[in-house]
Every structure is written in structure tokens, then in C-alpha cells.
Amino acid sequence: QVQLVESGGGLVQPGGSLRLSCAVSGSIARIDVMAWYRQAPGKQRDWVARITRDGNTNYADSVKGRFTISRDNTKTTVYLQMNSLKPDDTAVYYCSARTYSSDYWGQGTQVTVSS
């Protein structure tokens, strides 16, 4: 089992920055990939960024160059640094963990980009 708790969301003006955190606990050694997803009102949940066990990262085209996924050395916290935020980035952001057998999700944190 893996437990995930997101934090760091809030209201920010266009062009601003936020850093989301995902606290990871449980069977951390079994995690192959950590990722961030987001879901805007009335839309499907979309993948945003991922970091693999080996530290390789990938980003959705919509956030490439603006968002950065990272983790601490103990792999107990995963971050999403979001810069140059746009109103289209408004969504609930979810942290996820994938093991060989299961996907785990956090409860989500709201990010609102508005003036």
C-alpha cells in the first residue's frame, strides 16, 4: 500500500508560481513512477508530469518549460514547481504512484489561477 497526501495549492495570479508537494508513505520501494495529474471542472483527468524510479522526467506539452517535477533524496516527497501560471492551469491537481500491480492516488489540491 502507498499513501499520498498533496498540499500547496491555492489562488495565484496569472504569471505567478506555486509549488505543490506530495507526501509519500507506505511501500515506497515498490513505486516505479510518480506522477502529477490535473482535472479541470467538467473535463477529464489529464497527465501533467512524471518522474521514474531512475529519475527520468517527462512533461505534457501544455506545461513543458513551465512546470518541473522533482523529489527529495529519500523519495518521500514529490514536488511540482509551477511557474508562469495561466488561467488554463486551474484544476484540482492529483499526485499518483504506480507500482507493478496498482495505481494509487491522493485526494487532490485545488489550484486556481485568476486575477
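Modeller: Happy to, and let me start with Asp-89, which pairs with Arg-66 in a salt bridge whose closest N and O atoms are 2.8 Å apart. Asp-89 sits in the loop between strand S8 (77–82) and strand S9 (91–98), while Arg-66 belongs to the loop between S6 and strand S7 (67–71), so this pair ties together parts that are 23 residues apart in sequence. Both Asp-89 and Arg-66 are buried. Please keep in mind that this is a predicted model.

Now for the others. The search of the whole structure finds 5 salt bridges. In one of them, Arg-53 meets Asp-32, again with 2.8 Å between the closest N and O atoms. Arg-53 is in the loop between strand S5 (45–52) and strand S6 (57–59), and Asp-32 is in the loop between strand S3 (18–26) and strand S4 (33–39), so the two link parts that are 21 residues apart in sequence. Here Arg-53 is partly exposed, at 37% relative accessibility, and Asp-32 is partly exposed too, with a relative accessible area of 30%.

Another salt bridge joins the side chains of Arg-98 and Asp-103, at 2.8 Å from N to O. Arg-98 counts as partly exposed at 45% relative accessibility, and Asp-103 counts as partly exposed at 42%. Coming back to the pair I began with, salt bridges with shared partners join Arg-38, Arg-66 and Asp-89 into one network.

Next, the surroundings. The largest nonpolar core has 30 residues, and those with the most contacts inside it are Leu-4, Met-34, Trp-36, Leu-80, Met-82 and Tyr-93. At least two residues of this core come from each of strand S1 (2–7), S3, S4, S5, S7, S8, S9 and strand S11 (109–113). In general, nonpolar side chains tend to be buried together in soluble globular proteins.

Some of these strands also form a sheet. It is an open one of 4 strands, in the order S1-S3-S8-S7, with antiparallel pairing. S1 and S7 stand at its edges with a single partner strand each, so one side of each has no neighbour in the sheet. On average, neighbouring strands of this sheet are turned by 15 degrees against each other, direction ignored. Within the sheet, S3 and S8 pair in the antiparallel sense over 6 bridges.

Definitions and conventions
Residues are numbered from 1 along each chain as its sequence is written. This is a predicted model: local features need pLDDT of at least 70, side-chain atom pairs count only at pLDDT 80 or more; totals for chains, interfaces and linings use all residues. Side-chain values use heavy atoms; hydrogens and water are left out. A salt bridge is a side-chain nitrogen of Lys or Arg within 4 Å of a carboxyl oxygen of Asp or Glu. Buried means under 20% relative accessible area, exposed over 50%, partly exposed in between (1.4 Å probe, protein chains only). A nonpolar core is a set of buried Ala, Val, Leu, Ile, Met, Phe, Trp, Tyr and Cys residues joined through side-chain atoms within 4.5 Å. Two strands pair if DSSP finds at least two bridges between them. Axes are lines fitted to C-alpha atoms, for helices over the stretch in contact, and angles run from 0 to 180 degrees between N-to-C directions.
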